[in-house]
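Reader: Please show me the model, and then let me ask how its labels were reached.

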Amino acid sequence: MPPKSKAATAAAAEPVSVEDLFTSLHRHIQADEFTQAASVADQVLKAAPGDEDAVRCKVVAQIKADEIDKALAAMRAAERLSIDLSYYKAYCYYRQNKLQEALDLLRGQEETAAILQLESQILYRLGRMNDCINSYEKLQKFKIDSMDLKINIIAALVAAGRASEVQAAMKAQKVDLTARALRDARSFELTYNSACSLIENKKYSEAKEQLDLSKRIGKEELMVEDYGEDEIEYELAPVSAQLAYVQQLQGQSQEAMQTYVNMINRKSADSSSLAVATTNLISLKGTKDAADSLRKLDRLIEKSTAPNQLQLIENLDFKLSPRQKEALYSARVLLLLHANKTDQAHELVSGLLGMFRDSVLTVLLQAAVHVKEKKVQKAEEVLNQYAAKHPENSTGVLLALAQIAANANHFQLAADSLSKIPDIQHMPATVATLVALKERLGDSNAAASVLDSAIQWWKNSMTEGDKLDVLTREAAEFKLSHGRDEEACLLYEELVKSHGSIDALAGLVATAARTNLEKAEQYEKKLKPLPGLKGVNVEALEKTSGARHVEGPQDMKVDVPEEVKKQKAKKRKRKPRYPKGFDPANPGPPPDPERWLPRRERSSYRPKRKDKRAQVRGAQGAVTRETAVSNAGGSSKGSQTTSSSKTPAANSDQPKASNKSRKKKSRS
């Protein structure tokens with residue numbers, strides 16, 4: 001090997017300038033070669049230790065290369081430098097799902113567009129949707145025209161339960177959410193999120209149209225990017241799952257179930273979409289095959305040795321929203337209760353109480369477990385405490401408490417629970433339940449008060465409907481049955497004046513006849529006469545002694561009109577039904593008329609002949625006719641007759657021995 005020239009040695013020894021290194025660094029970043037860019041940044045730092053631009057380029061390149069741990073190590077190495085890398089550190093924590101630590105790093109920093117975007121993403125992942133929306137509202141002052149931002153704003157509003165505000169928020173962002181505008185926007189994510197807002201507003205038909213449009217646009221976009229069929233199906237799995245959910249809400253259970261089953265069996269979806277499909281499929285199946293449903297859910301939950309610690313597989317804890325996770329765990333609790341695995345359900349609910357604090361659904365599940373354990377008082381106590389602590393969000397809790405108490409014959413507690421829900425006090429179902437509970441308690445006055453206050457509410461309300469008519473009629477019947485005739489009469493009179501129904505008029509006449517005869521006669525004139533009563537002498541009918549009971553059947557002649565006779569004479573002729581393969585033209589021999597009788601009862605029956613030669617009848621020692629004849633030998637005919645005639649007489653005088661005595665004699 002020839003020795004290197006002095007020029008080559010000098011060129012090798014000559015260091016590369018920092019400017020050239022930055023040029024190379026820029027070239028790698030432009031080509032998305034982030035690993036090489038980080039390596040060049042290290043060379044810059046060797047040449048110029050502490051260079052801020054080189055440190056930032058190295059950190060960003062490592063983040064872009066998904067080397068989050070290396071980026072954090074680089075930032076720790078640069079802590080002695082006066083460089084503010086808190087934004088990049090917060091982003092790394094966000095990528096590692098250390099959400100609260102990431103949020104703490106952003107506090108107190110200047111609210112730039114980048115800071116607000118990262119903060120809104122962290123808040124969304126934490127489930128703090130209202131705070132997330134506030135961050136997005138602050139972002140609007142920067143006038144960022146980004147489709148991702150608009151998509152995220154809709155998603156946050158839907159997740160926060162504020163889907164009704166989506167139209168106004170998009171109008172502020174100058175986004176048209178009509179089907180035609182969404183088709184022109186060519187963004188299947190925006191169309192998908194818009195459909196989700198329509199689902200929350202219970203506009204299922206419009207939502208289905210937009211989901212179909214989202215699927216069509218998504219296929220076109222992904223095909224342009226050279227995605228295969230399986231990859232397209234995987235990417236559009238959230239849209240397919242949401243379409244199946246809309247079908248489920250519209251009552252198309254079989255179609256929705258088929259979609260869910262295909263997604264689960266083929267695993268043609270991301271983990272979060274599979275979790276949604278599994279939970280929705282279980283809700284469709286209900287309690288049918290609870291063991292199979294439990295096995296499907298167990299695939300989504302990691303087994304933990306720590307008690308009351310719950311964790312989903314494949315980081316589903318961070319991919320699912322809090323609402324979705326709560327639905328998944330709640331489905332598992334209900335399945336455990338139906339499978340009579342009460343201990344496991346109790347343990348799971350204890351974990352949920354720590355995960356979803358102040359959640360209505362978790363408290364209801366806790367009460368359900370107590371009821372399953374036959375601890376009704378404990379369930380009532382749990383629901384009572386929650387209702388007292390959260391009165392603004394306790395409608396469902398109070399309804400559950402009323403049901404549990406009524407089933408346990410705690411009628412006073414059930415009535416008190418229903419009385420604490422002001423929004424439904426005037427509804428007929430609530431009124432009927434309260435009246436029944438008060439009657440069970442023997443308090444008819446309180447029951448009447450419930451009816452009176454409901455009637456007064458409907459009189460003062462401006463809503464449409466015939467609830468007042470229904471409640472007034474029921475109240476009149478109730479008061480009439482409890483001896484409040486005058487009050488019932490007034491209610492019937494109100495009904496007659498307001499609606500003028502025949503039933504109310506008849507009720508008024510019958511009720512007024514007890515309290516005010518003049519009023520009864522006055523309203524009785526308004527009743528239409530019944531047909532056929534003109535020829536009846538009422539006074540003569542009153543003087544009769546009434547109908548008499550007559551023993552035995554009596555012939556009664558009834559004049560039947562000719563038209564009725566003709567109708568009876570006309571009988572429908574039906575074609576005879578023949579057995580399969582029977583030909584009426586060639587019926588063959590007639591069937592045996594005795595085919596339905598037992599064989600023993602048929603005329604053709606002949607019993608089998610029994611062999612009586614080996615039988616010996618009579619008491620032990622008796623001689624048969626054949627034996628006597630053989631023993632007589634050459635005796636005369638007369639002596640045969642005499643001996644044979646005497647044998648039965650002698651045998652008849654002796655009592656028959658029992659079976660036991662026969663056995664004893666045979667042994668001796």
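This is a predicted model: local features need pLDDT of at least 70, side-chain atom pairs count only at pLDDT 80 or more; totals for chains, interfaces and linings use all residues.

Author: Residues are numbered from 1 along each chain as its sequence is written, and side-chain values use heavy atoms, with hydrogens and water left out.

Reader: How many aromatic pairs does a search of the whole structure find?

Author: The search finds three. Rings of Phe, Tyr and Trp (its six-membered ring) pair if their centres lie within 6.5 Å; planes under 30 degrees apart are stacked, over 60 edge-to-face, and the rest tilted.

Reader: What makes the pair of tyrosine 87 and tyrosine 88 edge-to-face?

Author: The ring centres of tyrosine 87 and tyrosine 88 are 5.6 Å apart and the planes stand at 70°, so the pair is edge-to-face. Tryptophan 457 and tryptophan 458 also form an edge-to-face pair, with 4.9 Å centre to centre and 80° between the planes.

Reader: Why does tryptophan 458 count as buried, and why does tryptophan 457 count as partly exposed?

Author: Buried means under 20% relative accessible area, exposed over 50%, and partly exposed in between (1.4 Å probe, protein chains only). Tryptophan 458 has 10% relative accessibility and therefore counts as buried. Tryptophan 457 has 36%, so it counts as partly exposed.

Reader: Why does threonine 279 count as buried, and what does its side chain reach?

Author: Threonine 279 counts as buried because its relative accessibility is 12%. Its side chain reaches the backbone oxygen of alanine 275 at 2.9 Å. Leaving aside neighbours within four places in sequence, threonine 279 is in contact (heavy atoms within 4.5 Å) with Ala327, Leu328 and Ala331.

Reader: How do you know that the span of helix H2 agrees with its number of residues?

Author: Helices (H or I, at least four residues) are DSSP runs, numbered from the N terminus. The expected span is 1.5 Å times one less than the number of residues. Helix H2 (residues 18-30) has 13 residues and should span 18 Å; its end C-alpha atoms are 18 Å apart, which agrees.

Reader: Which residues of H2 are buried, and what puts them on the same side?

Author: Leu21, Ser24, Leu25 and His28 are buried in H2. They cover an arc (of the directions from the helix axis to the C-beta atoms) of only 105°, which puts them on the same side of H2. The face turned away from the buried side carries the exposed residues Glu19 and Gln30.

Definitions and conventions: A polar contact is a pair of N or O atoms within 3.5 Å; within protein, one must be able to donate a hydrogen and the other to accept it, and residues adjacent in sequence count only if both atoms are side-chain atoms. Helices (H or I, at least four residues) and strands (E, at least two) are DSSP runs, numbered from the N terminus.
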